[in-house]
Amino acid sequence: MLLLAMDTATPAVTVALHDGESVVARSSQVDARRHGELLLPAVHRVLREAGLKLDAVTDVVVGVGPGPYTGLRVGLVTAATFASALGVPVHGLCTLDGLAYASGLDEPFVVATDARRKEVYWARYDDAGTRVTEPSVDRPADIADRVAGLPAVGAGARLYAEVFPDARDPEHQAAEALAALAAERLAAGERLLEPRPLYLRRPDAQVPKNYKVVTPK
């Protein structure tokens with residue numbers, strides 16, 4: 001097994017290779033505006049570091065969000081393209097689950113990432129491997145009573161310290177955690193998510209009102 005994992009649902013453009021037992025190479029850069037520019041070079045970088053070629057990959061793993069429309073789409077399209085070209089399966093994982101897994105926490109906690117518009121994408125966990133709520137998008141103040149007293153990981157927790165006073169690492173997503181989680185679940189015979197985007201809300205770009213469709217005569 002050689003998993004190629006990637007996630008662009010957050011400002012972190014992150015890629016890792018996992019051989020089924022451990023991570024063999026990784027790359028992460030935090031840049032919310034350059035997902036499309038950074039992802040392919042990151043894939044080439046981890047392959048070069050591992051001394052492997054792309055055709056050695058047996059599975060592709062991708063974070064499905066939640067995340068902003070443009071960044072999330074970059075990772076999903078790239079993962080699907082690699083999987084199709086190589087003739088290998090592509091597996092989806094919730095981005096929040098990757099952050100939770102990386103935390104290593106064995107107590108109830110929250111993962112919160114920045115959803116912009118003064119909101120967070122978030123979910124609650126019983127421990128690092130057990131999510132107990134569906135991912136949601138809300139204003140931090142609106143969920144304060146639901147997360148009170150719980151540790152929190154992710155960039156959203158750092159942004160809204162008044163709601164998440166006990167912020168823990170990691171702040172950013174890392175594909176090595178996503179890859180390790182996928183390898184663990186695949187080894188246990190679990191079926192992972194379809195590689196479909198978890199947007200939770202409509203994209204910022206909207207068709208203008210009173211838009212007129214021009215049809216050829």
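Reply: Start at Arg117, which is partly exposed because its relative accessible area is 42% (buried is under 20%, exposed over 50%, partly exposed in between, with a 1.4 Å probe and protein chains only). This is a predicted model: local features need pLDDT of at least 70, side-chain atom pairs need pLDDT 80 or more, and totals for chains, interfaces and linings use all residues. Residues are numbered from 1 along each chain as its sequence is written, and side-chain values use heavy atoms, without hydrogens or water.

Arg117 sits in the loop between strand 6 (109-114) and strand 7 (120-127). Helices (H or I, at least four residues) and strands (E, at least two) are DSSP runs, numbered from the N terminus. Arg117 is not a glycine, yet its phi is positive, about 50°. Lys118 belongs to the loop between strand 6 and strand 7. Its phi is positive too, about 60°, and Lys118 is not a glycine either. Lys118 counts as exposed because its relative accessible area is 60%.

Now follow Lys118 to a partner. Tyr160 is in contact with Lys118, Glu119, Val120 and Pro140, leaving aside neighbours within four places in sequence (contact means heavy atoms within 4.5 Å). Tyr160 comes from another loop, the one between helix 5 (155-159) and strand 11 (167-168). With a relative accessible area of 16%, Tyr160 is buried. Along the chain, Tyr160 and Ala182 are 22 residues apart, and their C-alpha atoms are separated by 30 Å.

Go on past strand 11. Pro170 lies in the loop between strand 11 and helix 6. A cis peptide bond links Asp169 to Pro170, with omega about 5°. A cis bond also joins Gly65 and Pro66, where omega is about 10°. Pro66 is placed in the loop between strand 4 and helix 2.

Next comes helix 6 (residues 175-187), which packs with helix 3 (residues 95-103) at about 90°, the axes being 8 Å apart. Axes are lines fitted to C-alpha atoms, for helices over the stretch in contact; angles run from 0 to 180 degrees between N-to-C directions. Asp97, Gly98, Tyr101 and Ala102 are the helix 3 side of this contact. They meet Ala177, Leu178, Ala180, Leu181, Glu184 and Arg185 in helix 6. Take Arg185. Arg185 is buried, at 17% relative accessible area. Setting aside residues up to four places away in sequence, Arg185 touches Leu93, Asp97, Gly129, Glu190 and Leu192.

Five strands make it, in the order 3-2-1-4-5, with mixed pairing (strands pair if DSSP finds at least two bridges between them). Strand 3 and strand 5 (90-93) are at the edges with a single partner each, so one side of each has no neighbour in the sheet. Strand 2 (residues 12-18) pairs with strand 3 (residues 23-30) in the antiparallel sense over seven bridges. His18 faces Val23 in strand 3. Four residues separate strand 2 from strand 3 in their hairpin, and Gly20 in that turn has a positive phi of about 95°. Strand 1 (residues 3-7) and strand 4 (residues 59-63) run parallel, joined by four bridges. There, Leu3 has Asp59 as its bridge partner in strand 4. Helix 1 (residues 35-50) packs on the sheet and touches strand 1, strand 2 and strand 3. Helix 2 (residues 69-86) lies across strand 1, strand 4 and strand 5, at about 170° to strand 4.
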